[in-house]
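Trainee: I have a structure open and would like to learn how to read its features. Please take me through a few.

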Number of protein chains: 2
Amino acid sequence: MKHRYLDNMPLTEAREKFLALLRNNGFTNKTEIIPSAEAFGRITARAHYAKICSPHYNASSMDGIAVRSEDTEGADERNPVILESDMFTPVDTGDPLPEDRDAVIMVEDVIFSDDGTAKIYSAARPFMNVRQIGEDICMGDMLVPSFTEITPTLAGALLAGGNIEAQVLKKPVFGIIPTGDEIVSPKENPEKGEILEFNSTVFSGMLKEFGAESIVYPIVPDKKELLKCALGKAISECDGVLILAGSSAGRDDYTKDIIEEAGQVLVHGIAVKPGKPAVLGASGNVPVIGLPGYPVSAIVIMNEIVKDVVALYYEKNTLPVKKIRAKLGRRVVSSLKYEEFIRVTLGKVGDGFVAVPVSGGAGVITSFTKADGILRVPQNLEGINAGENVEIELLRDLGLIENALIVTGSHDPVIDEIADIMKGTGTGFSLTSTHVGSMGAVNALKAGTAHLGAVHLLDSETGEYNVSFVKKYFPDGGVKLVKGVKRIQGLMVQKGNPLGIKDFSDIVKGTYINRQGGSGTRILCDFLLNKHGIDKASLKGYYNEEFTHTAVAAGIKNGNGDVGLGIYSAAKMYDLDFIPVCDEEYDFIVSESALGNENVKLFLEILGSDDFRKRAEALGGYGL
Amino acid sequence: MKHRYLDNMPLTEAREKFLALLRNNGFTNKTEIIPSAEAFGRITARAHYAKICSPHYNASSMDGIAVRSEDTEGADERNPVILESDMFTPVDTGDPLPEDRDAVIMVEDVIFSDDGTAKIYSAARPFMNVRQIGEDICMGDMLVPSFTEITPTLAGALLAGGNIEAQVLKKPVFGIIPTGDEIVSPKENPEKGEILEFNSTVFSGMLKEFGAESIVYPIVPDKKELLKCALGKAISECDGVLILAGSSAGRDDYTKDIIEEAGQVLVHGIAVKPGKPAVLGASGNVPVIGLPGYPVSAIVIMNEIVKDVVALYYEKNTLPVKKIRAKLGRRVVSSLKYEEFIRVTLGKVGDGFVAVPVSGGAGVITSFTKADGILRVPQNLEGINAGENVEIELLRDLGLIENALIVTGSHDPVIDEIADIMKGTGTGFSLTSTHVGSMGAVNALKAGTAHLGAVHLLDSETGEYNVSFVKKYFPDGGVKLVKGVKRIQGLMVQKGNPLGIKDFSDIVKGTYINRQGGSGTRILCDFLLNKHGIDKASLKGYYNEEFTHTAVAAGIKNGNGDVGLGIYSAAKMYDLDFIPVCDEEYDFIVSESALGNENVKLFLEILGSDDFRKRAEALGGYGL
């Protein structure tokens, strides 16, 4: 087993050196000539000037009669002028002005007689109701400068000015080469060890957003000769190449070597997290980039490096990313070794924005699908405390973020169903949920970082849910408790219940899968362990924590554990056996200041709707 | 000649009634199933749930060795544990964890011996360095709710969760039927009376921006039977139909009739300017809209009606248009009969934004290509005074607007060349110019509505250009005069000089084409008329005003007049004869507060550049 170490070059240095290399190597745009009628959204390669005037002749701007203005002199209300039939010509809007006429009188202002004459009550000025040649565009005028995006109206103006074709920048084409022995095209029932290749889809989409096109090449196994071949083909066919995975320094990581052999490697290892194992190189004027295998790492490199490479192609500076200030909702710990990119959800709570870090490592694509923004933690910081004011780079439109309802706390699939119903209302409101457990909900409401908290907190003394916790943690009020759903908690075990688990005391028969500290289910577990006199330390798997009911169910289904507490709907989804333990109340704490918000009102409305009731019934195990 | 009158229904009422009609008639979205790998940018038609977990098996998250955590118990720096060769399995990142192993030790932390054993210095916790099944996505989890745009990462998450296909909303298809006897497809050398059909290009582009697709049908002449046929075909093939022109009430305007015969007409005439002669109707569940023939009128109807029809298809509210407050740079006069849509340019001058109305009527497409925003003047207002604070709806990104350098005043093609060079720098800076004449530049600088003013103002007493005007109008300073170019003013006459014009006094021999009041060229004209003792009233064409040198040249070329004052480069463009009258100095007044702006610095840099010098030389008639 060989092992090599990577560079740890600061991001800014890596980017600048790489762009300088590409510039030196002659990486720049190509142009093409396309019909102007299809040029919408493209970037002009040069200034375009009008070849003809628009209108290109004197045109009537009204339906009426074309006259010589001289012939109408003196006409007024008292002294109408009568024009003989050879002194006027009927014209419609857009008709050319006849040679010897210089004005148009609107049809409404003319009285026609049966003898073919026309009576008018006011004189016509020269060029009255005439669109003179060049009124819109004069030949020679610059219609659009170079390096300008062609809007629909600019496309129209190009045609109006006689530019049937436009010279535009060719979109750069990036070849994407997925690699890896274990990588397979997406399928519905993959075998163990098969990793679904979805990264090329993510990066194709991102390239499209950057203004580039892509060719996705077939998956190449970890064989150096095959990889070299594939790279050579892509270099010859594309303006840039992305090699997916194999960019680290492991046993089968050939990306660095093959780029070196095809040209040169400038950087191997960037001081960012996630994203470190990236390779930046080039073959002549074709940039070749080795992206890390983990999707989140690769997305960081796409945003921080590849986006700038596309901008260099278009000879433009990248537009600054939009940023907002927000209060950090949870502490962030960071490494001094790397610049870190923390994905956060954003919400407008009260007057300001709140940023809550999304959990999940470099392999967790859903940490990006849920994220509204990025918090950059510089290399020289060890972390940032909750409550601090931070700068967030936006990943989506601020309008969407402002409309989002922030629900935090305990996880339940019904929250997602409410989110879905909300989306279907067409109101523009959406729901962002984070799973931090019931106590997390209490803390978020206290800190003012969420609109709603989802809780199921059992008071072990009274046996009552939620009420006493609200009294205890919000002694001064400021929140309302809204009834949610009743749901059945119980033990999930493998189909057929092989260990013969009958009640909670039987959990010692197998390996347990637990929920994270602070979750209502964890509190219930600890309450029951105590009640049955079971010692935590002796319970195998007690420290194996998952964040959602479905994650516990998935673990049991797969044999990572034998038993875990969870809700009925999760057991049903995974076709597990279920031993009911108790009914619990899953409620919502609402900040009183948010009760008037339209999105909160909509949430409560949906909670009481028929649609929601039907969906909860379909999930199973709920009472309303 | 028949003539009918139009309704004048307020916009809001027309829109609401129309959308209600379409809703009643069952106009709504259709769905389709497409590969998730191609779903980027599409809208989900339903919630999508994970069909498999991701990862769908326990996977090593490191290159290393897979072990049973039990076998490693007790290992520490002082007491290494030696694992026999059958107690560990080498694994790479992504490899499945072998059946009987539950943890991975990083390769860096293992010392391999030649005898096949491995030595470790720390114990492994269960599931250490293992991506447990469902770490990213659990089967059953909602991956994306309905009515949600699929981002690149969401497309990836769909695939990772086993959704190889996605059910998305079909993009609505709008048929576009251009009509009119005089309408022809764009060409380079149209005949008189041929109107180039570029509206379908503009509206296709706009539909794309709205999220719809389009089919552009062949141009149909003003024959009722042919129009009926074309409409019938489009209704059967599309989700909506736009008929271009023929929507008014003139001789050949059949749009209303054919929509009525195909279904119903709800509104004919909306109280907006431009945009009044629009027809809103439907054939069953297919909306059929008659758009006004003038492009700017039609664009207003596209933005105010068609955009909402597309939103109705997608069952969403249209997102509110982004707005900013700005100081109005020029008075706007409006009609009490209509809600008016005034196109404005925007610029950041000093601390705030300035909105300057763009001149040009409903037929002037360039009034939209130049516009950065829309000022809506409600029906009940007669106008808005210069300097008032108004709300502007943005047509382009605020970032682009903030970077724009606002140049106003006298027109010269060199300004466009500077704009083009500026675009090519890739700095993101752009130049917005408006042609309001030299005195307009002085007024704009005084009012703080421009960064730079372009002037060529002759002091008739001293014969000197610009300097005395700056002293007179800016007695307290606050501006700097920057030398621009010298240029030759002269008389433009038709090729061969048929009227034998030798000097300015000869202009009485023909019809003059003048420039607008306040322009430097107009001031020069009045000075010369005075000097030569020519009476304005006796000069034929004195009141025929144009706004640019090229517009005067185009008028002379076409015979709308015989002679006009203008610069050499305009005469050259139009292949006209040119009789030099004087050299003038075309300079720039710069607000001192703007001198430090990056875009102003860039402008001045370009003004002194070789590239600019070469371009001015190519235009001809300039000295630097």
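This is a predicted model: local features need pLDDT of at least 70, side-chain atom pairs count only at pLDDT 80 or more; totals for chains, interfaces and linings use all residues.

Mentor: Residues are numbered from 1 along each chain as its sequence is written, while chains are lettered from A and ligands numbered from 1 in the order in which they are written.

Trainee: Which peptide bonds are cis?

Mentor: Most residues other than glycine have a negative phi, and most peptide bonds are trans. A:Ser54 to A:Pro55 is cis, with omega near -10°. A:Pro55 sits in the loop between strands E2 (48–49) and E3 (59–60) of chain A. Helices (H or I, at least four residues) and strands (E, at least two) are DSSP runs, numbered from the N terminus. A:Lys273 and A:Pro274 are also joined by a cis bond, with omega about -5°. The loop between strands E19 (272–273) and E20 (279–283) of chain A holds A:Pro274.

Trainee: Where does A:Phe127 lie, and is A:Phe127 buried or exposed?

Mentor: A:Phe127 lies in the loop between strands E9 (118–120) and E10 (130–131) of chain A. Its phi is positive, near 65°. Count C-beta atoms, placed from the backbone, within 10 Å of the residue's own: 20 or more others is buried, 12 or fewer exposed, in between partly exposed. A:Phe127 has 21 such neighbours inside 10 Å, so it counts as buried.

Trainee: And what is the phi of A:Asn497?

Mentor: Phi of A:Asn497 is positive, about 50°. A:Asn497 is partly exposed, with 17 other C-beta atoms within 10 Å.

Trainee: Which residues of helix H15 of chain A are buried?

Mentor: An α-helix has 3.6 residues a turn, so residues three or four places apart point the same way. In H15 (598–607) of chain A, the buried residues are A:Asn599, A:Val600 and A:Phe603. They fall within an arc of 105° seen down the axis of H15(A), so they line one face of the helix. The arc is taken over directions from the helix axis to the C-beta atoms. Those buried residues pack against elements of chain A including helix H9 (413–424) and strand E36 (577–591).

Trainee: How many residues of chain B are in contact with chain A?

Mentor: Contact means C-beta atoms, placed from the backbone, within 7 Å. By that test, 100 residues of chain B are in contact with 99 of chain A. H2(B) gives the most to chain B's side, with eight residues.

Conventions:
Two residues are in contact if their C-beta atoms, placed from the backbone, lie within 7 Å.
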